[in-house]
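The sequence and the model come before the text.

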Amino acid sequence: MKLKFIIAVFLSALYLQGCTTNTTSMFGDDRSQLMLISEEKLNKEAKENYDQVLAQAKAQKTLNADKKFYNRVKKISDRLIKVAPELRADCKDWNWEVNTIKESTVNAWCMPGGKIVVYTGLNDTLKLNDDELAAVIGHEISHAIKEHLREQRSQAELQSSATKLASLLGVKKSITNTANVAYQAAFAMPFSRDQESESDKLGLELMYKANFDPNGAVTVMEKMNQFEKKAQAESGDKPNAASSFINRITSTHPASEDRANDLKELIQKHGLKAEVK
């Protein structure tokens, strides 16, 4: 008990020291996050990985190969990036990059520091209009401005620190178990699903402020829900690219149907409507 108390006190001090809030939302529910990993370190790593992805796509001649799609993604992304500082002021100084890859992958992402990639398979499969595409890109940008990856890495660092402390205190066989118990009891949360829901909400705010139709966030989730059901029905028990994608998404993301309903409620509650274009 004494050992667990010492570890818990240590974790509490480390946790409180690393807590920060980096965004301001119109919905007024910003939360403090644990940030033990430096932003500079993570952004540097992200840039290196991003450049590797681009280099591979360039070698395969898939980087921005669909010029029409690239121009569309760039135009939509630029509108979202322009309003992003309203949620996080310092992101105006980020070196934002926007690229597309011509590949059947149904995916898009934004690395720390504003490094965006959208795959043509996302649009080819789901047949997205501009509002729906803005919802997807806004969601991914929200992961970056909320620094969800940095948060996850910091949580892992906290748990690692607990293990090291247990070792220093002379615990042998139960080093990991003892540290993990204290960590789980005090801090561990199912952040993955929470972070996805948070990015849905912030992404909705981004697209609304960029004057896209907020309902695009709902309809893209409805399309994703249909895609998930179709892929699962077609794959059956046989693993394939589609089923692997679905399994990965459903293990860490809330159900698309639930996400669509949550977004509907948020739009209605706050009376969000796009201005007439």
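A salt bridge here is a side-chain nitrogen of Lys or Arg within 4 Å of a carboxyl oxygen of Asp or Glu. Arg-88 and Glu-147 form such a bridge, with their closest N and O atoms 2.9 Å apart. The model is a predicted one.

**Salt bridges**

Side chains of opposite charge can pair when their charged atoms come close. The whole structure holds 16 salt bridges. Three of them are listed below.

| Salt bridge | Closest N and O atoms |
|---|---|
| Arg-88 and Glu-147 | 2.9 Å |
| Glu-97 and Lys-115 | 3.9 Å |
| Asp-200 and Arg-259 | 2.7 Å |

The bridge of Arg-88 with Glu-147 links distant parts of the chain, 59 residues apart. Arg-88 is in the loop between helix H3 (67-83) and strand S3 (97-101), while Glu-147 is in the loop between helix H5 (130-145) and helix H6 (148-168). Arg-88 has a relative accessible area of 3% and is therefore buried. Glu-147 also counts as buried, at 8% relative accessibility.

Glu-97 pairs with Lys-115. Glu-97 lies in strand S3 and Lys-115 in strand S5 (residues 115-119), so this bridge ties together parts that are 18 residues apart in sequence. Glu-97 is buried at a relative accessible area of 17%, and Lys-115 is buried at 6%.

The bridge of Asp-200 with Arg-259 joins helix H8 (residues 191-209) to helix H11 (residues 256-270), and its two residues are 59 residues apart. Asp-200 counts as buried at 9% relative accessibility, as does Arg-259 at 6%. Salt bridges with shared partners also join Glu-39, Arg-88, Asp-90, Glu-147 and Arg-150 into one network.

**Aromatic rings**

A pair of aromatic rings is described by the distance of the centres and the angle of the planes. The structure has 2 aromatic pairs. In one of them, the ring centres of Tyr-50 and Trp-109 are 5.9 Å apart and the planes stand at 85°, so the pair is edge-to-face. Tyr-50 belongs to helix H2 (residues 39-59) and Trp-109 to strand S4 (residues 108-111), 59 residues apart, and the pair thus links distant parts of the chain. Tyr-50 is buried, with a relative accessible area of 0%, and Trp-109 counts as buried at 17%. Trp-94 and Trp-96 form a tilted pair, with 5.3 Å from centre to centre and 40° between the planes. Trp-94 is buried at 12% relative accessible area, and Trp-96 at 16%.

A ring also meets a charge: the charged end of Arg-79 sits over the ring of Phe-212, 3.7 Å from the ring centre.

How many of the residues of S5 are buried? S5 is mostly covered, with 5 of its 5 residues buried. In a regular strand the side chains alternate between the two faces of the sheet. In S5, Lys-115, Val-117 and Tyr-119 point one way and Ile-116 and Val-118 the other.

S3 and S5 run parallel and are joined by 5 bridges; Thr-100 has Val-118 of S5 as its bridge partner. S4 pairs with S5 in the antiparallel sense over 4 bridges, and Met-111 stands opposite Lys-115 in S5. The hairpin of S4 and S5 has 3 residues between the strands, and in this hairpin Gly-113 takes a positive phi near 85°.

In soluble globular proteins, nonpolar side chains tend to be buried together. The largest nonpolar core has 46 residues, and those with the most contacts inside this core include Leu-80, Trp-96, Val-118 and Ile-141. H3, S4, S5, H4, H5, H8, helix H9 (215-235) and H11 each supply at least two residues of this core. H5 gives the most, with 8 residues.

Beyond its neighbours within four places in sequence, Ile-141 is in contact with Leu-80, Ile-81, Trp-96, Cys-110, Ile-116 and Leu-206. Another core, of 9 residues, lies apart from the largest one; among its members are Ala-46, Ala-57, Ile-101 and Val-117.

**Thr-120**

Thr-120 is found in helix H4 (residues 120-126). Thr-120 is buried, with a relative accessible area of 5%. Leaving aside neighbours within four places in sequence, Thr-120 is in contact with Asp-66, Phe-69, Ile-101, Lys-102 and Glu-103.

Key:
Residues are numbered from 1 along each chain as its sequence is written. This is a predicted model: local features need pLDDT of at least 70, side-chain atom pairs count only at pLDDT 80 or more; totals for chains, interfaces and linings use all residues. Side-chain values use heavy atoms; hydrogens and water are left out. Buried means under 20% relative accessible area, exposed over 50%, partly exposed in between (1.4 Å probe, protein chains only). Contact means heavy atoms within 4.5 Å. Rings of Phe, Tyr and Trp (its six-membered ring) pair if their centres lie within 6.5 Å; planes under 30 degrees apart count as stacked, over 60 as edge-to-face and the rest as tilted. A charge sits over a ring if NZ of Lys or CZ of Arg is within 6 Å of the ring centre and within 35 degrees of the ring normal. A nonpolar core is a set of buried Ala, Val, Leu, Ile, Met, Phe, Trp, Tyr and Cys residues joined through side-chain atoms within 4.5 Å. Two strands pair if DSSP finds at least two bridges between them.
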